[in-house]
Structure formats: structure tokens, C-alpha cells
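Here is a short report on one protein chain. Look over the sequence and the model first, then read on.

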Amino acid sequence: MSLGSLGSSTAGVDLSGSYELGQSSHLHSSSSLAIIAEGGAMRGAFTYGVVRALDRHFGLKHADYYVGSSSGIPTLLYHVTQQLDAGDVVWGERVTLDSFVERPYVGLPRVNLDFLINLLREGDLALSEEQLLHSGSRITIPIADVQNGRPLYVSVTDGYVPFTFNDDGSVYPIDGVENLFNILRVAMKLPLVCGGPERLYGRLCSDGGGLDTFPFDVPVVRKTDHGYDVDYGIEDARKIFILTKPIGHASKLSFLEKLFFYNAMRNTSREERDILKRHPGCYQYRVSQIQDLRHGHVLITPDKDLDRMRNDPEYIAQMIRHGEEKAIENEDLQALMSDLREKDTEGMYFKPPSDDRFSLPRRSRALKIFPRKKSLQLAA
């Protein structure tokens with residue numbers, strides 16, 4: 001992977017030390033599957049709709065690799081642990097609460113990230129960390145290292161391994177121990193609307209989508225008794241990309257929204273402003289890479305721009321429904337699922353057929369965007 005378009009100088013970062021980097025034991029085969037999804041605050045409802053269709057319409061219960069950024073992360077983790085029933089409640093009942101998105105009369109809306117993290121950590125909707133670490137799936141969570149202006153990644157296998165890249169492209173594991181929910185909190189800490197960056201692994205970090213929304217060519221790193229095992233198998237996997245913005249998306253802000261945005265920018269550090277300015281270029285770089293991939297992969301996007309801060313129940317339900325429809329009607333996805341099912345002789349990827357699969361009409365209804373007062377149509 002080239003950091004030229006995503007990272008910057010490593011000045012001030014201690015890259016000394018050597019590591020024994022082992023060879024992956026994973027079978028690199030086009031029969032393996034990867035799901036790569038973005039979030040974008042409330043736009044993550046679209047991602048949830050797609051994953052819900054993968055699970056309940058196509059019966060997909062497992063992928064070899066998962067890569068999620070921002071609010072797309074909890075959805076993917078719920079699929080890894082087979083807890084989408086909890087996801088139904090989170091997206092259908094909790095995210096839609098007025099207390100989750102605070103809307104001051106003046107200024108940008110604020111997302112109550114602590115509320116979401118508490119849902120994932122404890123209670124009936126808690127994410128099963130034990131199932132996560134014993135799922136057999138390999139998970140990558142991108143994080144923006146604001147302090148050093150470069151992407152940082154956390155591999156989740158049977159543990160949590162943070163790493164970045166040296167200037168020559170080699171993997172550089174990072175020392176430190178963090179719990180899952182600290183990682184999730186920082187990885188979803190959207191600049192401006194979720195507060196400033198927080199320390200993770202000794203570095204000031206924020207939402208990973210700021211620098212690398214779709215790290216689909218980044219390896220999974222696992223710590224072993226003899227060093228580190230580096231798995232690049234995701235490069236050969238067939239991939240399902242879930243974007244929450246249409247291709248060619250461009251931010252459209254009203255005068256008042258721009259005023260609030262630039263006023264909020266004034267209260268951020270120079271490093272944070274640098275990440276925000278670089279984000280559009282980093283995002284388009286990855287989208288262009290996705291579009292250049294060979295045949296055999298799947299790209300699912302919404303038909304229209306979605307509001308990343310609007311969380312009323314009707315709108316969230318529409319985004320989930322739209323995600324379901326776009327997945328079910330995607331012919332590339334249908335072909336991929338059919339091909340994978342034929343090869344799945346051991347029942348690794350799919351649930352047994354059941355009567356509870358839902359179905360949607362062949363032709364998708366147009367997504368309706370209802371304006372709402374005091375709702376900012378903010379785009380990343």
C-alpha cells in the first residue's frame with residue numbers, strides 16, 4: 001500500500017526496532033470474502049440495511065475479512081457475532097432518540113457517542129467480545145492518527161494489534177494495550193460533531209474515515225509467540241463494498257451551514273484542520289481504486305445523497321430500507337452469492353435455508369428525502 005496519498009512524513013514517530021514478520025497461514029483464494037463498509041454518522045443506517053439484507057435475505061453468516069470505518073463498524077461487528085437482532089434495536093429505536101443527536105439553536109449538531117458506546121458495552125444490546133475474538137474472521141478498523149497525520153489500523157483476530165506503515169511500506173506494529181470499546185469510541189469520533197481527538201495507544205486519534213475510509217488492501221496483523229503474522233489475504237478476496245455516498249458525491253452546504261462549519265473549525269487544532277482538509281482527496285483516491293478493480297467485486301451505493309445528521313425514525317427506516325433494496329437488487333451481489341454458495345460445501349458462509357427470509361420488490365422505490373426544520377444536510 002502506498003502512503004503517498006494517505007499519509008505524510010513520519011517525523012516525530014519512533015520507527016526504530018525490528019519485528020519478525022511471519023507468513024500468513026490463511027489460504028489466499030478468490031473463494032474468500034471481504035465486506036468493506038463506511039459509515040458517516042446517520043448514513044450508517046444505509047450500511048445496516050445492506051448488511052441486514054446480506055444476513056436475512058441471502059443468508060450470509062460469515063465473511064473472512066471485515067473492514068469498517070466510523071458508524072459502519074458496529075454493524076459489521078454485529079454481523080461477525082451474529083447479533084443483528086441487537087442491531088435492529090440500536091438502529092430502529094436507540095439511534096432515533098432526540099438525546100442521541102443534540103441540536104443547538106446555533107452551531108453544528110452534536111452526536112452523543114458515549115450513549116452508543118454504552119449500548120455496545122453493556123446490557124441486552126452489548127456486543128459479545130468473546131464471540132468476536134473467536135469468530136475466525138479477520139477485522140480491520142482504521143483510525144486517524146491526528147498527532148502524526150497518518151492512518152493507523154487495528155487488527156482484530158484473537159486479540160487487538162495496532163499498526164501503521166513505515167515509509168518503505170513495511171508494517172510497523174505499535175506497542176500498547178487498549179480495550180475494544182476505547183478503540184471503537186475513537187474510531188467513530190467524527191471531527192466537529194463528536195468532539196476533539198482522544199488518546200489511543202499514546203497518540204491523539206479520531207475517526208478513521210478521515211484518512212482511509214476503505215483500507216481494502218491493508219493486511220491483518222496478529223501477534224504470535226514468535227513475532228507477528230501478517231496476512232495479506234484480503235487482496236485476493238472477493239469484495240463487497242458498501243458506500244454511503246453516491247459516486248461523485250460533493251458536499252452541498254447552505255450559507256448558514258458553512259458559517260457553523262467554519263466557526264467550529266476555528267476551535268480545532270492545526271492537526272485536526274489538516275485531517276479535515278485532506279479527507280476529500282483521501283476519500284476520492286480510495287473510491288477511484290475501488291472503481292479500477294477487476295471484475296468479480298460488488299459495489300453498493302445509495303441513489304441519492306443521505307443526511308448524515310438526521311435521525312428521526314422515519315428517515316432512519318427509509319435509509320435502512322434503501323440499503324436492503326440496493327443489496328437485494330444488485331446483480332453483481334446476486335452472482336457473487338450464488339457462486340459462493342455453490343463452493344460452500346461445508347456450510348461455512350451460509351445459514352441453512354429457512355422461512356424467515358424477507359423479500360423486497362424487484363424494482364426499488366425512489367428514496368424520499370423529507371426536509372425537516374433544524375436539520376443540517378451536512379456532508380463529509
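A residue counts as buried when its relative accessible area is under 20%. C205 has 0% relative accessibility, so C205 is buried. Keep that cut-off in mind, as much of this report uses it. Keep in mind, too, that the model is predicted.

## The whole chain

The protein has 380 residues, and 57% of them count as buried. It contains ten helices and 15 strands. Its exposed surface comes to about 16,500 Å². Carbon and sulfur atoms supply 49% of that area.

## Buried residues, side by side

| Residue | Relative accessible area | Class |
|---|---|---|
| D55 | 4% | buried |
| S70 | 6% | buried |
| Y201 | 8% | buried |
| C205 | 0% | buried |
| C282 | 4% | buried |

Two of these rows are cysteines: C205 is buried, and C282 is buried too. How many disulfides does the structure hold? The number is zero.

## The nonpolar cores

The largest nonpolar core has 78 residues. Which of them touch the most other members? They are I141, I143, L184, I240 and M337. Helix α1 gives the most to this core, with seven residues. There is also a second, separate core of 14 residues. Among its members are A34, Y65, L243 and V287.

Now look at L184 in the largest core. Leave aside its neighbours within four places in sequence. L184 is then in contact with I73, L77, I117, L120, L127 and I141. One of these partners, I141, is also on the list of residues that touch the most other core members.

D55 lies in helix α1, which covers residues 44–56. Is D55 buried or exposed? Its relative accessible area is 4%, so D55 is buried. What does its side chain meet? It makes a polar contact with the side chain of K351, at 2.6 Å.

## A covered hairpin

Strand β12 covers residues 220–224 and pairs with β13 in the antiparallel sense. The pairing runs over five bridges. In one of the bridges, V220 is partnered by D231 of β13. A hairpin of two residues joins β12 to β13. Strand β13 itself covers residues 227–231 and is mostly covered. Five of its five residues are buried.

## Two loops with a positive phi

Find S70 in the loop between β3 (65–68) and α2 (72–80). S70 is not a glycine, yet its phi is positive, at about 55 degrees. Its relative accessibility is 6%, so S70 counts as buried.

Next, find Y201. It sits in the loop between β10 (198–200) and β11 (203–207). Y201 is not a glycine either, and it has a positive phi of about 55 degrees. With a relative accessible area of 8%, Y201 is buried.

Definitions and conventions:
Residues are numbered from 1 along each chain as its sequence is written. This is a predicted model: local features need pLDDT of at least 70, side-chain atom pairs count only at pLDDT 80 or more; totals for chains, interfaces and linings use all residues. Side-chain values use heavy atoms; hydrogens and water are left out. Helices (H or I, at least four residues) and strands (E, at least two) are DSSP runs, numbered from the N terminus. Buried means under 20% relative accessible area, exposed over 50%, partly exposed in between (1.4 Å probe, protein chains only). A polar contact is a pair of N or O atoms within 3.5 Å; within protein, one must be able to donate a hydrogen and the other to accept it, and residues adjacent in sequence count only if both atoms are side-chain atoms. Accessible areas come from the Shrake-Rupley method with a 1.4 Å probe; for residues, only the protein chains shown count as cover. Two strands pair if DSSP finds at least two bridges between them. A nonpolar core is a set of buried Ala, Val, Leu, Ile, Met, Phe, Trp, Tyr and Cys residues joined through side-chain atoms within 4.5 Å. Contact means heavy atoms within 4.5 Å. A disulfide is a pair of cysteine sulfur atoms within 2.5 Å.
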